[in-house]
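Here is a short tour for someone opening this model for the first time. Keep the 3D view handy and follow along.

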Amino acid sequence: MSNASVETRPNSQLAAPDPQQPEPGAPENWRRFFSFSTDHKVIGIQYIVTAFVFFLFGGLLAMVMRGELITPDADLVDRTVYNGLFTMHGTIMLFMWTFPMLNGLANYLVPLMIGARDMAFPRLNAIAFWLVPIFGVILTASFFVPGGPSQSGWWAYPPVSLQNPTGNLINGQSLWLVAVALSGVSSIMGAVNIVTTIFRMRAPGMGWFKMPAFVWTVFSAQIIQLIGLPALTAGAVMLLLDLTTGTSFFDPVKGGDPVLYQHFFWFYSHPAVYVIVLPIFGVFSEIFPVYARKPLFGYKVVVVSSLLITVLSLVVWVHHMFASGTPGWMRMLFMFSTMAISIPTGIKVFAWVATVWGGKLRLTSAMLFGLGGLSTFLFAGITGIMLSSAPFDIHVNNTYFVVGHFHYVINGAVVMGFYAAIYHWFPKMTGRMYYEGLGKLHFALTFIGINLIFLPMHPLGLMGMPRRVASYDPEFAFWNVIASLGGFLLGVSTLPFILNMLSSWTRGEQAGDNPWRAIGLEWLVSSPPPHENFEEIPIIVSPPYGYGSDEPLVSNNPKGTFEESAASTQIANLAGEAN
Amino acid sequence: MSSVNVNVKPDPTLNSQAAHSHEEEDHRMFGFIVFLLSESVIFFSFFVGYIVYKTNATDWLPAGFEGLEIKEPLINTVVLVSSSFVIYFAERFLHKENLWGFRLFWLLTMAMGSFFLYGQAVEWMGLPFGFKDGVFGGTFYLLTGFHGLHVLTGVLLQGLMLGRSFLPNNYEEGEFGVEATSLFWHFVDVIWIVLFLLIYVWR
């Protein structure tokens, strides 16, 4: 940490707190994290922490499920409870964990990375965040209504989702629909805000091809939100009307069309996978150059392939419906479009490998999580191409093979990518360093846990074990026991992370502005960044990722000139004392 | 500090842009357009649902129902579409700072929007089927109802803007409210044209 302490500016030794220049570490005014703050950095951290709490909750549900599945018989929980568990696990992990987490990262990083002082609509930003705990509570409340939570799986297919066995107007399914609709409202608010910010508020000199790859991927992802999410909202409204008022949109008994719901659902929910994973691609593109000390390989191709993924992701949804009586020509069409999307994705994977190749690697926790996420993503990509083939997909449809595949994407690539992002930007967010040893322990437990729980699901699926069952044939027991042990290990793996974050935030070493010697606007300001980020809006003169070249990124100093800013801060401090 | 931060001579043209961005730029219209594009996808989804139901349903119309009357809805359509031109003139008056001309034409738009809502309500009252009568009943009331909700929102927004036009210094910070309401009104109009063609014209 000698580097960082050398970089500490003289004025930071002055004790007088300056509201414009937050001190490193857990802030005294932590209460602002519970307030209706409009500062994008506060909102970003609010999102991240809220999402992580729900991640723990969803993980707990998963561990109960793995506890049930450690024996072939349904003996730990009731079957209906088990149905509620997998429904809520999926819903919480997607709508309460990955989306808010992603919005948190985007909120914190996008304005800093493009040289803006805040988001375009700060108040809208705060409203979008505060909807998250609200619909989180609504969703959680469904555990306590008669009949328990929704049991129809996270995709809520009718006619199962229309059954309403208790006959109450307020039941698990209707609460689920209201929560999902509110989540949609919140996400649209976020998407309008982020797209406007990226379009309109880039610092001078930052053309589209000088934007960091993370901003590109967030932009591509939010475009998907804007186009796809309203379709899910439309489907959810119609399902809610069917459930509560007795219309017959999706009820086959009354002439409705349940497959239409599947189209509405997957038109959004498949692209939603890219909404989640694209920013993780962005995180990889940010992290690998820093820790390999090399420019991102093929920057332009990488960012353009993000947009290509956006476009293609909107025309692949029927591959979730190969077994829904879909006509043959449609199967063929969507099989090819699904295979086509692996091309831009593959381009990115090759670019990351080429970035890391021959670099001076520093295996920090962030880099380990990045590489771990990349390797699990590669594995998920291979099973993904297998699944895109209609004959194979029909064979393993609704088996654990599918469950294993998408958990490799979401828990493998996405969750590890989130961890990588948190470790990488933790010094920037808090001004403190995390403990590297705990971070590495966290990585080892996570990586082993993920492979231990999700790898056995592939042979299980090929053997024919269906998903969403509380009991199974004893011949599947061996792999299930291993998977369950992996699941518990994955639960344990969060403990060193939580310990690390809490203790580092309060008493970690001071990080300085740029502990990783990274290139990017966010690293040019102090840690944590001051209110409104930049003393002077930066003027960008170079493309990003100029590792190995001595070109400066900006032509001015976003913190203000060194001597001047130190002096003026001192004067401001003295003035503050005088007042 | 890495070499990244080294000062080089500033480019004067870039600096003037930097100075410009210190002012709070107005991004509301851009954001509103993005929102409307997204909102149009909900309508698009409902339209697609309608087309799928209509082309696939075995008994589409409820028993004993011959089809929708087209005359009154056509009058309604003409009124709503013309109101888009009226609101355009209202905006023009505002740009020329003719406040009373603006208020007059703005009020006329509100009247035409209200007439549309009234006509819609009269039509609903006279129909022999309800929203539970098969997918036809469901989609008909869903589409016209969801659109009607947008018309109602538009009229309420117009009322708000009319009230605010009497506030002193209301337009000192631009005319975003009026412009956005007007754009929203055009949006509602275009949606109605598609909806009218799908529901009333397409047999």
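## A loop residue to start with

Let's begin with A:Met201, which sits in the loop between α5 (172-200) and α6 (213-245) of chain A. Helices here are DSSP runs of H or I with at least four residues, strands are runs of E with at least two, and both are numbered from the N terminus. Is A:Met201 buried or exposed? A:Met201 counts as buried because 21 other C-beta atoms lie within 10 Å. The cut-offs are these: buried takes 20 or more other C-beta atoms within 10 Å of the residue's own, exposed takes 12 or fewer, partly exposed is in between, and the C-beta atoms are placed from the backbone.

Which residues does A:Met201 touch, leaving aside neighbours within four places in sequence? They are A:Ile114, A:Ala116 and A:Ala120. A contact means that the C-beta atoms of two residues, placed from the backbone, lie within 7 Å. A:Thr245 is another story: 44 residues separate it from A:Met201 in sequence, and their C-alpha atoms are 45 Å apart in space.

## What kind of model this is

This is a predicted model, so a few ground rules apply: local features need pLDDT of at least 70, side-chain atom pairs count only at pLDDT 80 or more, and totals for chains, interfaces and linings use all residues. Residues are numbered from 1 along each chain as its sequence is written, while chains are lettered from A and ligands numbered from 1 in the order in which they are written.

The score pLDDT is the predictor's confidence in each residue, from 0 to 100. Chain A averages 90, and 92% of its residues score at least 70. Where in chain A is confidence lowest? That would be helix α1 (residues 2-7), with a mean of 40, whereas α13(A) has the highest, at 97. Two stretches of chain A stay under 50: residues 1-17, with 25 contacts beyond four places in sequence, and residues 562-579, with 18 such contacts.

## Chain A as a whole

Chain A has 16 helices and zero strands. Its C-alpha trace spans about 75 × 50 × 40 Å along the principal axes. A compact globule of 579 residues would have a radius of gyration near 25 Å, and chain A agrees, with 24 Å. That radius is taken over C-alpha atoms, and the globule rule is 2.2 Å times the number of residues to the power 0.38.

Buried residues make up 57% of the 579 in chain A. Of the contacts in chain A with a separation of 6 or more, 83% are between residues 24 or more positions apart.

## The nonpolar core

How many residues are in the largest nonpolar core? It has 213, and A:Ile114 and A:Val215 have the most contacts inside it. Helix α7 (residues 258-292) of chain A supplies the largest share of this core, 22 residues. Such a core is a set of buried Ala, Val, Leu, Ile, Met, Phe, Trp, Tyr and Cys residues joined through C-beta atoms within 7 Å.

Not counting residues up to four places away in sequence, A:Val215 touches A:Val110, A:Met113, A:Ile114 and A:Ile198.

## A closer look at α13

Helix α13 (residues 436-454) of chain A has 19 residues. From first C-alpha to last it reaches 27 Å, close to the 27 Å expected at 1.5 Å a residue; that expected span is 1.5 Å times one less than the number of residues.

Among the buried residues of α13(A) are A:His442, A:Phe443, A:Phe447 and A:Ile450. The buried residues of this helix pack against α10 (365-388), α12 (400-430), α14 (457-463) and α15 (477-507) of chain A.

The loop between α4 (122-141) and α5 of chain A holds A:Pro159, which a cis peptide bond joins to A:Pro158, with omega about 0°. In that loop you'll also find A:Ala156, whose phi near 55° is positive in a residue other than glycine. A:Ala156 is buried, with 23 other C-beta atoms within 10 Å.

B:Glu97 is in the loop between α3 (71-95) and α4 (99-126) of chain B, and counts as exposed because it has 9 C-beta neighbours inside 10 Å.
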